[in-house]
Amino acid sequence: MPEPELVDMLDKCQAGADVSQNAEKIFQNIKTLTAPETRVSDLKLIVEKLFVLGVSVVTTREFLNSFNEALRGLVSSEPETVTEAGAYAHRFISEQSPVRNSLIEGLCTLKEIIAEAHESQEEFAEAAKVLLEIPTDTSQRRLDDVGKARLWVRIVRNYLEVDDSTSAESYLNKLKNIMHNVPDEELNLHFRLSVARVHDAKREFLHAAKAYHDISFSPAIAEEERLHTLAMAIKCAILAPAGPMRSRALARLYKDERSVQLEEFPILEKMFLDRIITPAEVDKFAKGLSPHQLATTADGSTVLAKAVVEHNLLSVSRLYSNIGFDELGLLLGLAPEKAEETTAKMIEQGRLSGSIDQIDRIIWFEGGDASGEKGSGRAEVPVGKEMRKWDSNVQALAEDLEKLTDALQAEFPEFVAARIAAY
């Protein structure tokens with residue numbers, strides 16, 4: 001049952017006595033006029049009594065603004081009350097209020113407060129759903145680019161909290177079309193961070209590493225946050241597929257003098273220096289990764305395990321000129337066939353220079369850095385660089401012989417013609 005004082009005030013409003021004054025008093029003293037256990041039903045009753053009075057548009061708008069402020073005051077302490085009573089109020093006012101078309105701004109603010117309550121309870125998918133219902137470009141309400149950016153960035157961040165990178169990216173693409181018109185530095189920072197997080201969630205780790213690293217230099221965030229984004233950049237670079245592009249990313253991060261302060265620096269250093277990573281080091285590094293960074297890939301391995309295997313394979317290529325399938329499998333912790341398959345894939349993708357002799361079950365490494373271009377890492381002959389040098393010498397000999405024949409023909413055409421005819 002509602003408190004008697006609340007009932008008395010609502011009855012006075014119904015009778016038309018000091019409507020504005022009594023309504024304002026109700027909203028300002030909502031916590032004392034309603035008991036915690038009946039607050040939701042009391043708020044619903046207040047909405048039902050006040051928003052059908054048919055008073056002036058200005059007064060009704062003031063009612064809604066005061067109601068919103070009352071709900072906002074409950075977000076931190078009673079988020080469940082805010083979500084339930086707020087949703088009911090929005091639905092009731094939208095359907096019953098005689099001046100609902102004039103309350104569009106207040107109703108949008110109400111949606112934002114409901115979303116804030118969901119966020120405080122970590123119900124990020126529900127928060128995004130509520131925010132999606134806020135109009136941005138209608139005849140009744142048209143937001144400028146700053147307003148759209150503020151709303152869409154919030155939607156993106158909520159989607160990312162539940163690892164829905166697909167939905168987040170759809171709104172991120174909308175943001176890309178308007179951010180050049182948004183001067184707000186904080187919004188631009190949130191946009192750039194959202195771009196990095198979407199790349200990270202989609203396992204586009206090289207793009208994510210660069211985006212995080214760029215953000216880590218921003219003076220708009222605190223030093224602690226800059227180091228955090230730098231750490232995220234290092235994690236993404238380590239998880240990226242091994243090859244020339246990742247090597248360049250590791251070099252940028254290793255040369256950043258701030259990196260030495262981070263827990264991730266030891267494994268970053270070993271990767272940059274092409275040293276083999278041990279299982280103990282992998283397990284220690286994995287403790288700091290997010291769940292999506294530890295997800296299992298299509299072949300049954302984790303992103304981290306795959307990145308480490310590819311890195312160790314590159315390290316092996318720096319130590320050996322050739323190695324057997326069995327020995328390579330032991331070094332990488334893989335079955336010989338899996339080691340061969342991984343090597344073949346990296347060579348084909350231009351991330352490793354070498355060739356495979358499947359008859360003798362030997363992998364030949366050609367040394368140096370691969371080009372990174374697909375197909376460029378595959379040797380043209382199956383037995384390594386010695387045969388390629390032989391082919392080059394044969395080609396040079398043939399070219400020299402052709403030059404000699406041309407010179408003889410120019411100097412002694414009759415002699416050459418006779419000898420060619422004889423053969």
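Author: What follows describes the sheet, then the nonpolar cores, then the confidence. This is a predicted model, in which local features need pLDDT of at least 70 and side-chain atom pairs count only at pLDDT 80 or more, while totals for chains, interfaces and linings use all residues. Residues are numbered from 1 along each chain as its sequence is written, and side-chain values use heavy atoms, with hydrogens and water left out.

The sheet is open and has 3 strands in the order E1-E3-E2, with antiparallel pairing; strands (E, at least two residues) and helices (H or I, at least four residues) are DSSP runs, numbered from the N terminus, and two strands pair if DSSP finds at least two bridges between them. Strand E1 (322-324) and strand E2 (354-357) are the edge strands, each pairing on one side only. From one strand to the next the twist averages 20°, where axes are lines fitted to C-alpha atoms, for helices over the stretch in contact, and angles run from 0 to 180 degrees between N-to-C directions.

Strand E3 (residues 362-365) pairs with E2 in the antiparallel sense over 4 bridges: Gly-354 stands opposite Phe-365, and Asp-357 has Ile-362 as its bridge partner. The hairpin of these two strands has 4 residues between them, and in it Arg-361 takes a positive phi near 55°. On the other pairing, E1 is joined to E3 by 3 bridges, again antiparallel, and Asn-322 has Trp-364 as its bridge partner.

In a regular strand the side chains alternate between the two faces of the sheet. In E3 the covered face holds Ile-363 and Phe-365, whereas Ile-362 and Trp-364 make up the uncovered one. Helix H18 (residues 325-332) lies across E1, E2 and E3 and runs at about 90° to E1, contact meaning heavy atoms within 4.5 Å.

As for the cores, the largest nonpolar core has 61 residues, and Ile-26, Leu-43 and Phe-67 are among those that touch the most other members; such a core is a set of buried (under 20% relative accessible area, 1.4 Å probe, protein chains only) Ala, Val, Leu, Ile, Met, Phe, Trp, Tyr and Cys residues joined through side-chain atoms within 4.5 Å. A second, separate core of 36 residues includes Tyr-212 and Leu-289.

The mean pLDDT (the predictor's confidence in each residue, from 0 to 100) of the protein is 86, but over residues 378-384 pLDDT stays under 50. Where pLDDT is low, the predicted coordinates should not be read in detail.

Notes: Buried means under 20% relative accessible area, exposed over 50%, partly exposed in between (1.4 Å probe, protein chains only).
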